[in-house]
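Dear colleague,

Please find the structure below, handed over for your own work. My notes on what was found in it follow directly after.

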Amino acid sequence: MSNTPKAIRGTQDIFGAEAEAFAHVVETFERVRKLYRFRRIEMPVFEKTEVFSRSIGETTDVVSKEMYSFLDRGDESLTLRPEFTAGIARAYITNGWQQHAPLKVATHGPLFRYERPQKGRYRQFHQLDAEIIGAAEPQADVELLVMADQLLKELGIADGVTLMLNTLGDGASRDAWRASLVEYFRAVQGDLSEDSQERLERNPLRILDSKDPRDQAFVAGAPKIDDFLSGEAQDFFGAVTSGLDAAGVAWTRSQSLVRGLDYYRHTAFEFVTDRLGAQGTVLGGGRYDGLMESLGGPATPAVGWAAGIERLAMLVGEVGPQDGHVVVIAENSGAEAAALRTLKQLRSVGIPANASFKGNPKRRIEVATKDGASLLLFVRDDDDPRGLYNFRSMLREGNSDDLLAMRVRAALGIE
RNA sequence: GCGAUCGUAGCUCAGUUGGUUAGAGCGCCGGUUUGUGGUACCGGAGGUCGGGAGUUCGAGCCUCCUCGAUCGCCCCA
């Protein structure tokens, strides 16, 4: 025991109800993604380090202190993906996926960030991801948000989650706004929190969503992005919001919602909840029109979002009861072969079935009970005069299991 | 990276101002009872008290270090 290696900090071994909830989130995402005709892609888990450092931004926390980077045996600097978007952008360029533009893609899987673990935050965590690449139109933003909205509804968690929406404007708007913010906050620098004094240098937009009351006093009077928006950027945002209204997606304008990563432009959004403590963002994303160029590709407009599977799974809670299943028990060793045949027959027609083969008959029944079996099927010797099968319902008021029993009888060809 | 709380059998936890062989419930294994099961009863296995060092005649209970968990900050999905 003491010399057994421990799991890595911030990783999880997921089992039982949590694993079921996790799978439920992924399955729901797959279903919805097909409804919206997003194409499935599979991405490598690691990339050259520069894929992330050039796109996400050298000064961001993600790149400067949270990446799992290492030299491989060829002395190349590689990094375990801290997010999906940069790798997808790289793939888009290197594989010539421009020919499919506008390209709607979706994926999910593990990401890695060296952070302090806490509720809903892990070093290996999992996200759903959806992107539309090569579409400059606000309809793409709307499409993505409508899909996200439906996903949350189908997961049954939309009630506790609200869509916070903002625009960062185009590149010029964003830069002018940023300069104005720096000027504004610099004037009161001494009164800001220590964190925000730091942010002033590296990521001034982030001061806007600071939780520190010392900052919030100044945030209210800070320059607003709306005053810097070009006419074009205003029209774009207007098209997004009216599209959402037309599609019946509720949203809330949040002037202080910004994105931490450098590549974002125009639309920025987060679906947030207050039921997850400090990790309230459950799905977030935005438009990243500048990203492809930072990786050396052609100017390519794109939008996307990612959602934390663990966080969604926590909100989903217990997933509904599984379909009833049959447990097959051989009454004695002579019936083992018949039991195996029976299991195969049941499963081949889609009836969930499990075997109970450990211990004495009583023990087998106990195990089956704990497994939640709704029907026990005892199998006897082939030549037993009482017949091959003995049914025993496990449900108190057995309505629903009648159907299961009927299906089982049909599958086995008995009356 | 910063702060706070916590870390005793597989699980949830008790363990009195530091003092003889560390306990319970559930679970697990075996058995009895039982109409082939969800009951009851009997018995059993399982812990170097996260790890290391120190204080003390003596530490699960005190100190330090370390690892991990949890909750915030930060960051982000």
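I begin with strand β6 (residues 124-133): 9 of its 10 residues are buried, so this strand is largely enclosed by the rest of the structure. Here a residue is buried if 20 or more other C-beta atoms lie within 10 Å of its own, exposed if 12 or fewer, and partly exposed in between, with C-beta atoms placed from the backbone. Helices (H or I, at least four residues) and strands (E, at least two) are DSSP runs, numbered from the N terminus.

Before going further, please note that this is a predicted model, in which local features need pLDDT of at least 70 and side-chain atom pairs count only at pLDDT 80 or more, while totals for chains, interfaces and linings use all residues. Residues are numbered from 1 along each chain as its sequence is written, and chains are lettered from A and ligands numbered from 1 in the order in which they are written.

Strand β5 (residues 103-112) runs antiparallel to β6 and is joined to it by 10 bridges; two strands pair if DSSP finds at least two bridges between them. In this pairing, His108 stands opposite Leu128 in β6. Strand β11 (residues 302-308) is likewise antiparallel to β6, with 7 bridges joining the two, and Gln127 stands opposite Gly308 in β11.

As to the overall division, chain A is split into domain 1 (16-170 + 230-316) and domain 2 (326-412), with bounds that come from an automatic or database domain assignment. The centres of domain 1 and domain 2, taken over C-alpha atoms, are separated by 47 Å.

The largest nonpolar core has 76 residues, and those that touch the most other members are Val25, Leu144, Ala148, Phe271, Val282 and Leu312. By nonpolar core I mean a set of buried Ala, Val, Leu, Ile, Met, Phe, Trp, Tyr and Cys residues joined through C-beta atoms within 7 Å. Helix α5 (residues 138-154) gives the most to this core, with 8 residues. Leaving aside residues up to four places away in sequence, Leu144 touches Ala130, Ile132, Val303, Gly304 and Trp305, where contact requires C-beta atoms, placed from the backbone, within 7 Å. Another core, of 18 residues, lies apart from the largest one and has Val328, Ala339, Leu346 and Leu377 among its members.

There is also an open sheet of 3 strands, in the order β2-β4-β3 and with antiparallel pairing. Its edge strands, each pairing on one side only, are β2 (46-48) and β3 (68-71). On average, neighbouring strands of this sheet are turned by 30 degrees against each other, direction ignored. Strands β2 and β4 are joined by 3 bridges, and Lys48 stands opposite Leu78 in β4. Between β3 and strand β4 (residues 77-80) there are 4 bridges; Tyr68 stands opposite Leu80, and Ser69 has Thr79 as its bridge partner. The hairpin of β3 and β4 has 5 residues between the strands, and in it Asp75 takes a positive phi near 60 degrees.

Helix α2 (residues 49-56) lies across β2, β3 and β4 and runs at about 75 degrees to β2. Its axis and that of helix α4 (residues 85-94) come within 9 Å and cross at roughly 105 degrees. This makes α2 roughly perpendicular to α4, since angles of 65 to 115 degrees count as roughly perpendicular, under 35 as roughly parallel, over 145 as roughly antiparallel and the rest as oblique. The axes are lines fitted to C-alpha atoms, for helices over the stretch in contact, and angles run from 0 to 180 degrees between N-to-C directions. At this crossing, Val51, Phe52, Ser55 and Ile56 in α2 meet Ala86, Gly87, Ala89 and Arg90 in α4.

Helix α4 is mostly covered, with 7 of its 10 residues buried, including Thr85, Ile88 and Tyr92. Among the elements that cover these buried residues are β2, α2, β5, β6 and β11. Just after α4, Gly96 takes a positive phi of about 65 degrees.

Finally, Phe237 has its place in helix α9 (residues 231-247). Phe237 counts as buried because 23 C-beta neighbours lie inside 10 Å. Phe237 and His266 are 29 residues apart along the chain, and their C-alpha atoms are separated by 7.3 Å.

With kind regards

Note on methods
Contact = placed C-beta atoms within 7 Å.
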